[in-house]
Amino acid sequence: MQTLRIVPDLRSSVVEEMPATQALLFTSRRADADPALLADPRVAPFTPRRLLTALRDRELAVLEVAEPLWTGEWVRALRWIALAKLRRPRITVATYAIENLDARARLAPRSLGHRPVLGAAATRLAVLGMGVSVLLALDAVVFGTSGAAENYRRAFGWALRGTRQTVLTPRLSACSVCGPRVDGGTPRERTVLFLGTPSERKGFAVLTAAWEHAGSVDRGWRLVVADPSGATDRPVPTGVSIVADPPRATVHALLRAAAVVAMPSVRRPGWREQIGLPLVEGLTHGCRVVTTTETGLADDLRDHPRVVLTAPGDVADLAAGLRRAMDAADTADTDHADHAADTDAEQVGPRGATKTDVVAWWLEGALV
Ligand SMILES: [Zn+2]
């Protein structure tokens, strides 16, 4: 294997997108990760022994670890990086970074929230410490969004000066499992899809309020919630249904059928939307996406013809955004010329990168 990825919080999409020359060792996994995908022989739970075995592979050129601002995981990764550098001094240590919450806010010790002077000093020290670890440990970084690149460069610009770096936003034109979408095929259902646990930070309360405010049911639309937590006893408004803990095949089918995906993320203390997988998955399946300016991709997507950006936590603005997306989908169904217009506009936008493209960029600069 040319690259080894040590990945925390393994989810189904990580296995779906992995390049052929990559092996994965996962340190933790999501409860909703599809067990069928984890049967892949290149995927295994992390152990130091497995890492040592992988390091003996002469082909191995790149070790990918979690991004620095995933702090707990980064601190653990530093040990594995040290081990790897000891065994293979010329190995390239790389990361894919998408953290969008301001680095200083991310590193501020919450226990010192009530002591501002001490808290500010501790934050400065934490930023400095992380900067030094970045300087010593990281050879290459790909930023997944412009928001993440700005965030890291603002806090650790000095530490990243010697690090090979670029911004490669995700490819949004085709699902790696379903393939490119076919325009003019089966018409989309008048469905708005919400993917994920209906939590406050994912804006679910705002969405249900906006759903009613937009008069969606009277327009003949329904809202489907694909909830990996499997809870079906949640009170929901008229026109809203829950699909509990859907397998990946069902998620792909829902995405191929729905006209609109909603991901109205809201910032919470200590958390800000990074990219938002539902946003990427919606666009790769040809859905329109209604989201908020909270995602790190907001600047990258401002002119995307299928994206509606709304103000986070704003019911009226989200309702207006839903109406725009539903109207556009209704018009597209009756006017096939719209498909051609969309396709042209998408070709103007950034082409975007798959995981394979990201890994190829790392390998280009690898020394071994
Ligand atoms: Zn798909």
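Modeller: Start with pairing: two strands pair if DSSP finds at least two bridges between them. Keep in mind that this model is predicted.

Biologist: What makes β5 and β6 a pair?

Modeller: Strand β5 (residues 92-97) and strand β6 (residues 140-143) share four bridges. The cut-off is at least two bridges, so β5 and β6 count as paired, in the parallel sense. Within this pair, Y96 of β5 faces V142 of β6.

Biologist: Which order do the strands take in the sheet?

Modeller: The order is β3-β2-β1-β4-β5-β6-β7. These seven strands form an open sheet with parallel pairing. On average, neighbouring strands are turned by 20° against each other, direction ignored.

Biologist: Why are β3 and β7 called edges?

Modeller: β3 (43-45) and β7 (164-167) each have a single partner strand, so one side of each lacks a neighbour in the sheet.

Biologist: What lies across β5, β6 and β7?

Modeller: Helix α7 (residues 146-156) does, running at about 135° to β6.

Biologist: How is the chain divided into domains?

Modeller: Domain 1 takes 3-168 + 353-365, and domain 2 takes 174-348. Their centres, taken over C-alpha atoms, are 29 Å apart.

Biologist: How do you know that the domains touch?

Modeller: Contact requires C-beta atoms, placed from the backbone, within 7 Å. By that test, 17 residues of domain 1 are in contact with 18 residues of domain 2. On the domain 1 side, α1 (12-16) and α7 each supply at least two residues. That side has three nonpolar, eight polar and six charged residues.

Key
Residues are numbered from 1 along each chain as its sequence is written. This is a predicted model: local features need pLDDT of at least 70, side-chain atom pairs count only at pLDDT 80 or more; totals for chains, interfaces and linings use all residues. Axes are lines fitted to C-alpha atoms, for helices over the stretch in contact, and angles run from 0 to 180 degrees between N-to-C directions. Two residues are in contact if their C-beta atoms, placed from the backbone, lie within 7 Å. Domain bounds come from an automatic or database domain assignment. Ala, Val, Leu, Ile, Met, Phe, Trp, Tyr, Cys and Pro count as nonpolar, Asp, Glu, Lys and Arg as charged, and the others, Gly among them, as polar.
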